[in-house]
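Please read these notes with the model open beside you.

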Amino acid sequence: EVEAGVLILWQIATVIIGLIAVAYWRTPLALAASYVIGGVIGLGTIAYYLREYLKQIARHFELRYAKSLLKDGWPFAFLGLTGVILTSTDTVMLGWFVSVEQIGYYNAALRPIQMLFVLPSLLGHVLFPLLSRRTKKEESH
């Protein structure tokens with residue numbers, strides 16, 4: 001639930017800062033900076049929420065657990081990287097054939113479609129922990 005809230009805050013902050021940046025400066029650098037600032041806001045929010053947990057992790061850190069996490073987590077990292085590559089490949093390929101202006105129109109038209117993917121993703125982030133807890137309780141009875 002907290003993660004979904006932070007994701008929503010992050011997206012809203014990025015959109016608002018992006019609109020302000022584009023209205024003032026009208027440069028790609030201003031838009032990129034708005035993404036960075038929105039990400040910092042999201043990171044800061046989640047770090048503040050997790051500050052006590054992070055302190056505990058720092059106190060009880062053991063390298064063998066970190067190695068185990070890296071070993072077990074690499075498929076998820078690979079999946080995330082693959083997702084980024086797959087969603088960016090079309091823009092790169094279009095760059096070989098059309099002008100930058102046309103790529104801009106393509107990406108502008110693609111954003112609303114990508115936003116449609118946010119709602120199911122947020123629902124999944126919210127519902128998965130709830131369903132997991134419920135399933136765990138039912139299995140124990």
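1. Helices here are DSSP runs of H or I with at least four residues, strands are runs of E with at least two, and both are numbered from the N terminus. A pocket is found on a 1 Å grid over the protein atoms alone, as an open set of points where a 1.4 Å probe fits, with protein on both sides within 12 Å along at least five of seven lines; lining residues have an atom within 4 Å of a point.

2. A word on the basis. This is a predicted model, in which local features need pLDDT of at least 70 and side-chain atom pairs count only at pLDDT 80 or more, while totals for chains, interfaces and linings use all residues. Residues are numbered from 1 along each chain as its sequence is written, and side-chain values use heavy atoms, with hydrogens and water left out.

3. The largest pocket holds about 1,500 Å³ of space. That volume is the space filled by probe spheres set on the grid points, which are joined across faces, edges and corners. The lining counts 33 residues, and Q11, Y35, R111, Q114 and M115 lie nearest the centre. Besides α5, the elements giving two or more residues are α1 (2-24), α2 (28-49) and α4 (63-97).

4. What is the make-up of the lining by nonpolar, polar and charged residues? There are 17 nonpolar, 13 polar and 3 charged residues. Nonpolar covers Ala, Val, Leu, Ile, Met, Phe, Trp, Tyr, Cys and Pro; charged covers Asp, Glu, Lys and Arg; the others, Gly among them, are polar.

5. I8, I12, I16, I20, Y24 and W25 make up about 680 Å² of it. Patch members have over 30% relative accessible area and no salt bridge; nonpolar side chains (Val, Leu, Ile, Met, Phe, Trp, Tyr) are joined within 5 Å, like charges within 9 Å. Areas come from the Shrake-Rupley method with a 1.4 Å probe, and for residues only the protein chains shown count as cover. Y24 belongs to helix α1. Y24 is exposed at 65% relative accessible area, where exposed means over 50%, buried under 20% and partly exposed in between.

6. How many salt bridges does the structure hold? It holds 2, each needing a side-chain nitrogen of Lys or Arg within 4 Å of a carboxyl oxygen of Asp or Glu. E52 pairs with K55, with closest N and O atoms 3.5 Å apart. Both residues sit in helix α3 (residues 51-59), 3 residues apart, about one turn of the helix. E52 is partly exposed at 46%, and K55 is partly exposed at 41%.

7. The other bridge joins R64 and E62, with closest N and O atoms 2.9 Å apart. R64 is exposed at 54% relative accessibility, whereas E62 is partly exposed at 34%.

8. Check the backbone at R26. This residue is not a glycine, yet its phi is positive, about 55 degrees. Most residues other than glycine have a negative phi. R26 sits in the loop between α1 and α2 and is exposed at 67% relative accessibility.

9. Y48, in helix α2, is 16 residues along the chain from A32, and their C-alpha atoms are 24 Å apart. H60, in the loop between α3 and α4, is 16 residues from G44 in sequence and 23 Å away, C-alpha to C-alpha. L127, in helix α5, is 126 residues from E1 in sequence but 8.4 Å away in space, C-alpha to C-alpha.

10. On accessibility, Y48 is exposed at 57% and H60 is exposed at 56%. L127 is partly exposed, at 40%.

Terms used:
Buried < 20%, exposed > 50% of the residue type's maximum accessible area, 1.4 Å probe, protein only.
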